[in-house]
Amino acid sequence: MMAAVHLLSCSGKEDPDTEKPPGSSFNIMREVMKYRKIDSHAHVYITPDSPATQIDFADRLGIDKLVISRPMEPGSEGRPEEFIKCNDLVLAAMKKYPDRFIGQLTLNPRYLKESLEEIKRCMDQGMAGLKVYNHVKISDPLFYPIVEKFIDLKMIILMHAGIGKSRITYDATEPPNVSIPEDFVDVAKRYPEAMFQFAHLAGGVDWEDACKALKDSSNVFVDMSGSNNDGSIMDCAMKYIGEDRLLFGCDNSFYQPIGQMLAANLSESQRKKIFFENYNNILRKAGRNVD
Amino acid sequence: MLIDVNAYIGHWPFRQRKYNTCETLIRRMDRFGVDLSLVSNLNGIFYKNTQSANEELNAQIKSDSNFGDRIIPFAVINPIYGGWKNDFKVCTTEMGMKGIRIYPKYHGYALTDPACIELVESARDRSLPVTISLRMVDSRPSSWMDLGRETEWALKDVLPIIRKVPDAKYLLLNIANSTLLNDEDTALFKKTDLIMDTSGRALTNLGELLQTFGKEKFAFGTHSPILDELTGLLRIESLRQNEADEATKELLRSGNAKRILAI
């Protein structure tokens with residue numbers, strides 16, 4: 001009985017769902033392994049199992065490259081010795097897995113001199129981008145010289161975006177300096193030649209609110225990482241952000257972003273762009289592409 | 001065979017949902033190779049009279065002879081609302097529903113409320129599974145009108161009803177938070193005829209959890225259309241041979257679901 005109903009066609013409307021082959025031929029691991037992937041939002045940790053655990057997940061799920069960082073602790077002072085220690089962890093991981101990891105440094109623009117020195121130190125050792133957390137809002141003037149430096153480097157700035165005002169009032173757990181979508185809009189407008197990455201659309205933010213706010217900020221890329229695999233996130237991102245500005249990412253939630261990507265109504269070329277090509281093109285601007 | 005033990009039709013009041021009718025659900029099942037789905041009506045969470053939602057689901061299933069072959073309906077029952085015993089009877093006899101779902105947080109009662117215990121005992125007496133979702137949506141980006149983060153359950157939070165009615169059958173869904181149990185509670189879990197579905201974000205290390213709880217304790221689930229249809233399947237199919245052999249994967253795809261449904 002099951003085989004018979006399995007192949008039933010549905011209404012004859014033009015719909016991506018009806019154009020797909022019958023389910024009996026669907027093989028999820030074949031689909032997973034079909035696409036080259038750059039995880040645009042990955043981390044390494046101080047725990048002894050890292051970075052081997054992250055590489056193990058990547059191997060399991062066919063992730064070629066991971067863009068790693070180690071942000072400072074939320075609520076910390078963010079002093080230079082702290083961000084240098086975080087960056088040393090990333091550098092060590094890069095040395096251990098040079099073919100898999102692309103490193104991003106972290107810094108604190110409150111310590112401008114030390115931050116600029118740290119950019120040079122990390123770039124000299126092969127890093128390719130910046131990851132910053134919630135110590136200073138991305139639109140704060142303190143960030144301007146850092147943004148200008150990354151314009152020169154032709155590299156992207158990945159900024160954390162918290163829960164923020166997801167439930168309209170600010171989440172009580174959030175620090176006051178957490179960046180919200182409107183902060184990205186402001187800084188992107190001030191620096192149209194810079195590249196910004198709005199972090200983890202599926203990481204607790206209200207994705208509809210964020211996507212609508214970021215719709216016209218053409219130099220803000222949006223990564224799909226996070227633990228929330230709500231079935232409507234990808235549709236919303238495609239509607240407002242579009243296939244050229246979306247980046248595959250996991251933020252250590254490895255299954256959900258891939259499940260979402262494969263379940264979404266995307267074409268082959270759209271999946272290739274989001275899984276790999278869009279980020280590779282970002283890297284290409286600084287001659288760091290991986291194809 | 002692939003059985004999804006966690007699917008819905010109906011509306012979620014705070015976000016637009018696609019694929020939330022029997023017709024569109026089956027279209028998605030066809031696309032991803034799902035043979036059968038256990039389905040409830042989301043509207044039953046928000047209607048004060050949950051029976052209206054069960055009637056809607058029943059009417060949809062009856063509207064097309066193909067739906068009944070693919071959709072296994074579960075009734076949403078609120079045991080502190082008038083007439084629930086008759087609702088339970090109508091759903092499980094006249095409508096042919098094969099299990100129940102309860103929503104204590106949304107409907108405003110404790111799992112150990114005497115009425116809830118009576119409902120679970122009623123299900124047990126008819127060998128019908130009782131379904132509990134640890135959360136419905138990620139509370140972080142949900143509406144200010146929805147339940148808050150403090151209401152999300154960890155696995156240990158469903159133990160009170162299992163202790164009260166240990167011989168009932170349970171489906172525990174969307175395991176989104178901690179799976180840590182002490183030794184005593186783990187032993188109770190192992191003894192109970194229950195299944196956890198694979199839709200929840202806390203199942204990052206399913207291979208280890210199979211060791212902890214046993215391969216008969218998990219089954220494929222999507223929590224669709226709220227969550228995507230494939231993440232729960234990916235957690236199963238990406239298991240390595242040393243974590244789950246083909247026989248174990250078959251249990252997760254359909255064997256354990258068949259056992260708890262007695263089909």
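Modeller: A residue counts as buried if 20 or more other C-beta atoms lie within 10 Å of its own. By that cut-off, buried residues make up 49% of the 291 residues in chain A. Keep in mind that this is a predicted model.

Biologist: How does the radius of gyration of chain A stand against the globule rule, and what is its value?
Modeller: Chain A holds 12 helices and eight strands. For 291 residues the globule rule gives 19 Å, and the value for chain A is close to that, so the chain is as compact as a globular protein of that length. The radius of gyration is 20 Å.

Biologist: What percentage of the contacts in chain A with a separation of 6 or more comes from residues 24 or more positions apart?
Modeller: A contact here needs C-beta atoms within 7 Å. Among contacts in chain A with a separation of 6 or more, the share from residues 24 or more positions apart is 74%.

Biologist: Which strands stand at the edges of the open sheet of three strands in chain A?
Modeller: The strand order in that sheet of chain A is β1-β2-β3, with parallel pairing. Each edge strand has a single partner strand, so one side of each is left without a neighbour in the sheet. The edges are β1 (38-43) and β3 (101-103) of chain A.

Biologist: At about what angle does helix α5 of chain A run to β3(A)?
Modeller: Helix α5 of chain A covers residues 80-96. The helix lies across β2 and β3 of chain A, and its angle to β3(A) is about 150 degrees.

Biologist: Is T106(A) buried or exposed, and how many C-beta neighbours decide that?
Modeller: T106(A) sits in the loop between β3 and α6 (112-124) of chain A. Beyond its neighbours within four places in sequence, T106(A) has contacts that include S69(A), F83(A), K131(A) and V132(A). T106(A) counts as buried because its C-beta neighbours inside 10 Å number 24.

Biologist: What distance separates the C-alpha atoms of T106(A) and L158(A)?
Modeller: These two residues are 52 residues apart along the chain. The separation of their C-alpha atoms is 9.7 Å.

Biologist: Which are the edge strands of the sheet of five strands in chain A?
Modeller: The order in this open sheet of chain A is β4-β5-β6-β7-β8, and the pairing is parallel. An edge strand here pairs on one side only, and the two that do so are β4 and β8 (246-247) of chain A.

Biologist: Which residue is the bridge partner of M159(A) in β6(A)?
Modeller: In strand β5 (residues 156-159) of chain A, I156(A) and L158(A) point one way, I157(A) and M159(A) the other way, and all are buried. Towards β4(A), three bridges join the parallel pair, and M159(A) is the bridge partner of V132(A). Towards strand β6 (residues 195-198) of chain A there are four bridges, also parallel. There the partner of M159(A) is F198(A).

Biologist: Which helix makes a right-handed β-α-β unit with β5(A) and β6(A)?
Modeller: β5(A) also belongs to a right-handed unit with β4(A) and helix α7 (residues 144-153) of chain A. In the unit with β5(A) and β6(A), the helix is α8 (residues 181-190) of chain A.

Biologist: Which helix supplies the largest share of the side of chain A that touches chain B?
Modeller: The contact takes 40 residues from chain A and 37 residues from chain B. On the chain A side, α1 (2-6), α2 (16-19), α3 (28-34) and α11 (255-263) each supply at least two residues. The largest share, seven residues, comes from α11(A).

Biologist: Which residue of β8(B) does L172(B) stand opposite?
Modeller: In strand β7 (residues 169-173) of chain B, five of the five residues are buried, so the strand is largely enclosed by the rest of the structure. On one side, β7(B) pairs with strand β6 (residues 130-133) of chain B in the parallel sense over four bridges, and I132(B) stands opposite L172(B). Four bridges also join β7(B) to the parallel strand β8 (residues 193-197) of chain B. In β8(B), the residue opposite L172(B) is M196(B).

Key. Residues are numbered from 1 along each chain as its sequence is written. Chains are lettered from A and ligands numbered from 1 in the order in which they are written. This is a predicted model: local features need pLDDT of at least 70, side-chain atom pairs count only at pLDDT 80 or more; totals for chains, interfaces and linings use all residues. A residue is buried if 20 or more other C-beta atoms lie within 10 Å of its own, exposed if 12 or fewer, and partly exposed in between; C-beta atoms are placed from the backbone. Two strands pair if DSSP finds at least two bridges between them. A crossover is right-handed if, with the strands pointing away from the viewer, the path from the first strand over the helix to the second runs clockwise. The radius of gyration is taken over C-alpha atoms; the globule rule is 2.2 Å times the number of residues to the power 0.38. Two residues are in contact if their C-beta atoms, placed from the backbone, lie within 7 Å. Axes are lines fitted to C-alpha atoms, for helices over the stretch in contact, and angles run from 0 to 180 degrees between N-to-C directions.
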